[in-house]
Amino acid sequence: MDACGNDISWSDGLSKLLKCQRHKFSRSTISKTWKPLGTRKVSVSSCLRDSTVKYFDFAVIGSGVAGLRYALEVAKYGTVAIITKAEPHESNTNYAQGGVSAVLSPSDSVESHMQDTMVAGAYLCDEETVRVVCTEGPDRIRELIAMGAMFDHGEDGNLHLAREGGHSHHRIVHAADMTGREIERALLEAVVNDPNISVFEHHFAIDLLTSQDGPDMVCHGVDTLNTETQQVVRFISKVTLLASGGAGHIYPSTTNPQVATGDGMAMAHRAQAVISNMEFVQFHPTALADEGLPIKPIIARENAFLITEAVRGDGGILYNLDRERFMPLYDERAELAPRDVVARSIDDQLKKRCEKYVLLDISHKPREKILSHFPNIAAECLQYGLDITRQPIPVVPAAHYMCGGVRAGLQGETNVQGLYVAGAVQPSIDHMKSSSLDLSASNWWARPVVPHSLGSNVMDDVLRKTREVRKELQAIMWKYVGIVRSTTRLETAEVEINELEAQWEKCLFEKGWEQTMVGLEACEMRNLFCCAKLVVSSALARHESRGLHYTIDFPHLEESKRLPTVILPSLVNNNTWSSRQLHKQVIF
């Protein structure tokens, strides 16, 4: 019963009472200049007037392919809030170019796809997970097509399948070189048309709301900062899904959009979720090297422009600046070797030759084929005076994927009850159905504070210092925790990061900043520190070279060490702002 004497169930009542702005999406390609084409008015119950508290069955943090696809599935069972840091399309998904791998050719097989995956993953992949992903891949592609995703087809009318590094067959489904953008478009359109899903854009996730129930940690939702209104908004939910992307911006050059500051991993770590394999940072071997362009960009890019691996899959060849092909010297698979091999090879060439970039040449292929397969890359390069049908592309490695993160089971379940990561939906649906929640739960935790009281001059100083520190952290990570590592360099990074963090926090607190205060850039910095430390500590713990983690002190694979790196809650050092939740833990 509610305060007005009405009998309201969680889904039936609150889903009708709580609405947020909804946007219509154009069928055209999503542009960087996001403009809502229509809205639904906010409808709030007279019995629940606090607009800073929202109640949903499912809270989804992130609006890339993982979050959107999950939201569409669980919306069949309850109300869903999609919480996204910027515009809904601004995600890693939207920047993905090459495509999605799935066994769709008669000459291919699930077993072959599995073997390629295990090899590329240096046999650290969980074999059961690999089997499920490779087996179900074709059905997931068909689902995307049914939702309206439009992929390229060949002259025979079948899906055009490209090939990329590490794959023994042509199995990459793609939409020219803008595959992620097309998938994002189709999923966002489906989301907007689902009445059970509400999208909250420009809501930055601050911290998960957790309680200790005996030996168990339980997640009840998330605190967010509406970065347009500077208002803290609390989401209470039965299920919280983390789909918030990577942490590319711990490095100075990354293909990730500005929003990728490791927020989900840092929040989960602070909430005592188990973290795993953070040492495995993938550096994409071929980001566009602006230094090598005929016309240099006037304004520095916020994120590196990706040159998809499909260029190499289509026959692109890597040369050094003396036009010497070098990949066959490093690996028999040459340009089709996995990304970690290609990135290390390029890195070695650059260091030996004291050069800033190498060249990727696809110009020996027919002009029409190049322009039809890579229209986005061709257009971007042409802006700066480079015709990829006639000239090689200057490229350099850049931080790309975080292959580690929150440790979860095959179906997305974590060690924190009610907290899930991208995976199968059924366990979270079961959890939602078996859960009840007191509407007074929003009062269990103190509210984060927006620092209006500090004044504009102090806030300007805080922002200036935070931006300086962010660049310093990125420089440390690139210098000491890059493509090739050593124990000494990792230990140096550990010391320098701790000193930099202490210096930054001291500066903030001396200016009147308090532990419970929140601001977008300060909280991003907090998360970047947290993720950087997780990467370094994980890298120090792995005494071998495997996959993306290469150290000169342990240059070989060790079968006895073919185990995941695990950071348990008991190992959490919570003596800094980045490693502590803003609120005090609720204990039952």
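The radius of gyration here is taken over C-alpha atoms, and the globule rule is 2.2 Å times the number of residues to the power 0.38. For the 588 residues of this protein chain, a compact globule would come out near 25 Å, and the chain has 24 Å, which agrees. Before you click on anything, note that this is a predicted model, where local features need pLDDT of at least 70, side-chain atom pairs count only at pLDDT 80 or more, and totals for chains, interfaces and linings use all residues. Residues are numbered from 1 along each chain as its sequence is written, and side-chain values use heavy atoms, with hydrogens and water left out.

**The whole chain**

Start zoomed out, coloured by secondary structure. You have 16 helices and 18 strands in the protein chain; helices (H or I, at least four residues) and strands (E, at least two) are DSSP runs, numbered from the N terminus. Along the principal axes, the C-alpha atoms fill a box of roughly 75 × 55 × 50 Å.

Now switch to a surface. Buried residues make up 55% of the 588, where buried means under 20% relative accessible area, exposed over 50%, and partly exposed in between (1.4 Å probe, protein chains only). Of the contacts with a separation of 6 or more, 73% join residues 24 or more positions apart; contact means heavy atoms within 4.5 Å.

**Stop one: helix α14**

Select residues 455-480. This is α14, 26 residues reaching 37 Å from first C-alpha to last, close to the 38 Å expected at 1.5 Å a residue; the expected span is 1.5 Å times one less than the number of residues. Show its side chains: the buried ones include Met459, Val462, Leu473, Ile476 and Met477, but Lys465 and Arg470 are also among them.

**Stop two: helix α4**

Go to 110-120. Which residues of α4 are buried? They are Ser112, His113, Met114, Asp116 and Met118. Their cover includes β3 (100-101) and α5 (127-146). Step just past the end of α4 to Ala122, where phi is positive at about 55 degrees.

**Stop three: more positive phi**

Most residues other than glycine have a negative phi. With that in mind, pick Gln230, which is not a glycine but has a positive phi of about 55 degrees. Gln230 sits in the loop between β8 (216-226) and β9 (231-242), and at 33% relative accessibility it counts as partly exposed.

Ala334 is next, with phi near 50 degrees, again positive in a residue other than glycine. Look for Ala334 in the loop between α9 (327-330) and α10 (339-353). Is Ala334 buried or exposed? Its relative accessibility is 10%, so Ala334 counts as buried.

Select Ile429, in helix α13 (residues 426-434). Ile429 is buried, with a relative accessible area of 0%. Leaving aside neighbours within four places in sequence, Ile429 is in contact with Phe58, Val74 and Tyr77. For a sense of scale, draw a C-alpha to C-alpha line to Ile183: the pair is 24 Å apart in space and 246 residues apart in sequence.

Then move to Ile370 in helix α11 (residues 367-373), which counts as buried at 1% relative accessibility. Not counting residues up to four places away in sequence, Ile370 touches Ile362, Ser363, Lys365, Pro375, Ile388 and Thr389. Gly423 is 53 residues from Ile370 along the chain, and their C-alpha atoms are separated by 36 Å.

**Last stop: Gly385**

Finish in the loop between α12 (375-383) and β14 (393-402), where you'll find Gly385. At 34% relative accessibility, Gly385 counts as partly exposed. Which residues does Gly385 contact, leaving aside its neighbours within four places in sequence? Pro294, Ile295 and Gln391. For a parting distance, pick the C-alpha atoms of Gly385 and Lys54: they are separated by 50 Å, with the residues 331 apart along the chain.
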